[in-house]
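Open the model in your viewer and keep the selection panel at hand. The stops below go from the whole chain to single residues.

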Amino acid sequence: LEILEGQGQRINVEIEGKWYVISEVQETDIQLSVALNDITRSGEYELRVSATNQSNADFDIVRVTPETVKVKFDYIYTRSFRVDVRANGVKAAEGLIAGSPVLSTNETNIEITGPKSVVETIGSVSAEVDVNATLRSSTSYTSKLEILKTSGEPLTSEEIATLTLPFTEVNVTIPINRSKTVPINVNFSNQPAYYQQNALPYTSSISEINLIGTTEVMDTLDS
């Protein structure tokens, strides 16, 4: 269990003693503590604050204000999620084909660390881009991640603030491809000596094939 909320609260301590003694007392002379013996599960607890004189000075502690503090505990948990990607309004120029949006290799999955009570509510992580344009070549866009609960609701800003993410934005690429039909040529290896000088007769069930790829790659293919 780790403390999620409650650190850094200001506590006032009233002390009593001879003036020349208490005028020299420093913050480090007083130790503040709370008992954690009964903390066995995640949740918010109201804990009583105790103050102790840690110095050799002769003074008494009269009052601690506030007497209790609220502290929230939870387990820290890590889960891996696939990043789903969507692109809206994508059109390819005439003669071209728009492929499915893709993410960079190191952004297809994300490990999210945070309070177990928050991480366990996460249902999906996604990125969405609004293209709304006709594309002639592959184009990349930057999109912020959207984290949704299993209920379909987005996480609140307070919940997101408790999480640790390796990245909050992803690079989404819309590949624009071209199709091309090329003939199939058959090459034989380890032929008998006779057929190394003479063509080896053969038949093929197909004589050509339709390929889809980037324009740059398609331009290099003739067969």
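Helices (H or I, at least four residues) and strands (E, at least two) are DSSP runs, numbered from the N terminus. Where pLDDT is low, the predicted coordinates should not be read in detail.

This is a predicted model, in which local features need pLDDT of at least 70 and side-chain atom pairs count only at pLDDT 80 or more, while totals for chains, interfaces and linings use all residues. Residues are numbered from 1 along each chain as its sequence is written, and side-chain values use heavy atoms, without hydrogens and water.

Of its 223 residues, 23% count as buried (under 20% relative accessible area; exposed is over 50%, partly exposed in between; 1.4 Å probe, protein chains only).

Next, select the open sheet of six strands, order 9-13-12-11-7-10, with mixed pairing. Two strands pair if DSSP finds at least two bridges between them. Strand 9 (102–103) and strand 10 are the edge strands, each pairing on one side only. Inside the sheet, strand 11 (residues 122–135) and strand 12 (residues 139–149) pair antiparallel over five bridges. Zoom to A127, which stands opposite L145 in strand 12.

Last, pick Y202, in the loop between helix 4 and strand 15 (208–214). Y202 is partly exposed, at 43% relative accessible area.
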